[in-house]
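Dear colleague,

I am passing on the structure we spoke about, and my notes on it follow below. Please read them with the model open beside you.

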Amino acid sequence: MVRQCEHCGERRQALRRPKTGHKVCRECFFQLLEDEVHETITQNQLFKKGERVAMAASGGKDSTVLAHILSELNTRHDYGLDLFLLSIDEGISGYRDDSLETVKRNEVQYGIPLKVLSYKELYGWTMDEIVKEIGRKNNCTFCGVFRRQALDRGAALMKADKMATGHNADDMAETILLNLLRGDIARLSRCTAIMTGEEGALPRCKPFKYTYEKEIVMYAYFKKLDYFSTECIYSPNAYRGYARDFIKDLEAIRPRAIVDIIKSGEDFRISSTARMPVQGVCSRCGYISSQKLCKACVLLDGLNRGLPRLGISRTRGIKSTNGVADIDEKSAVAGAVGNGFSKKLSLEF
């Protein structure tokens, strides 16, 4: 017996939605997912007509589906956005060089301009070179810090008004758990925000905040989108992997657990007695920072001085000579996770 789509009742079932459990046809799945993203965009007023929006593009499933759907919705609902792709070449042989070829094909497929910036031209180092110095244990710290700043620099260079990233619901839930476990009050208070950086020159938004990773994969598969699926060769050692495995286990038991974690994160209220870091700008590069030097400058300083672990070890402070930070192995870098505010997690429910 052929079972019909539970949504339209006309076409044959093709899949069961991981998020809702509904059995739908491909056409309804596409429409439902796109409508949900559109609803997220409109309800949260993520974009304004005429804005120039940079889409962070890695060539992976999330950024590829984001580029496809945002391009479709921009036309369908007349958002009036000027879209372009922004990619960062971290310098990882056998991974990023291949994925960038996918992004270049996406540029042609979607008719969206592409800008590529590299760690080498921005920082003088590739990730391959950094890993040789630091090893594989803490390499994701360097990559995460450098990548975030590189995206902001690229967006500023291209005169973007806003940046859209492919962070999905699974990513959001993982981040909430990580910040809760680390007692990172500053990040915990803002990690559920669908838009961040509104106080700065470049706000970032997450149109996929409530979109499950499995549904993004299904969308890319059934749409036959061109994306790169190989995992970064250095990421298996990332601490985030533990949170990711836990989230997957929860999802297998109760699919709604992902949204429940996000909703719980949104309901956190930080106690007024908790000391929060004051945002300023880096004295060296001008990037936003709660310390005298931003994390990227601290990490880069350590690499250039042959002391790559400076930005990772626990800190006692930074000495200053003639206004320039003087950092040594015993007095590691300020700006490590949790530094600058109370370690005590003070929450009101």
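Leaving out residues up to four places away in sequence, S63 touches A56, A57 and S58, where contact means heavy atoms within 4.5 Å. S63 lies in helix α2, residues 61–76, helices (H or I, at least four residues) and strands (E, at least two) being DSSP runs numbered from the N terminus. S63 counts as buried because its relative accessibility is 8%, the classes being buried under 20% relative accessible area, exposed over 50% and partly exposed in between, with a 1.4 Å probe and protein chains only.

Before going further, please note that this is a predicted model, in which local features need pLDDT of at least 70 and side-chain atom pairs count only at pLDDT 80 or more, while totals for chains, interfaces and linings use all residues. Residues are numbered from 1 along each chain as its sequence is written, and side-chain values use heavy atoms, with hydrogens and water left out.

For the protein as a whole, the secondary structure comprises 12 helices and 14 strands, and buried residues account for 50% of its 349 residues. Of the contacts with a separation of 6 or more, 68% are between residues 24 or more positions apart.

The helix I looked at in some detail is α5. Its buried residues are M127, D128, I130, V131 and I134. Viewed down the axis of α5, these buried residues fall within an arc of 160°, so they line one face of the helix, the arc being that of the directions from the helix axis to the C-beta atoms. Their cover includes α4 (119–123), α6 and α12 (295–304).

As to the pairing with α6, the axes of α5 (residues 127–134) and α6 (residues 139–157) come within 9 Å and cross at roughly 145°; axes are lines fitted to C-alpha atoms, for helices over the stretch in contact, and angles run from 0 to 180 degrees between N-to-C directions. On the α5 side the contact is made by M127, I130, V131 and I134, and on the α6 side by N139, F142, C143 and F146. Following α5 comes G135, whose phi is positive, near 90°.

Finally, C232 sits in the loop between α9 (213–223) and α10 (240–253), and it counts as buried because its relative accessibility is 16%. Apart from neighbours within four places in sequence, C232 is in contact with I92 and Y95. C232 and R96, 136 residues apart in sequence, are 8.0 Å apart in space, C-alpha to C-alpha.
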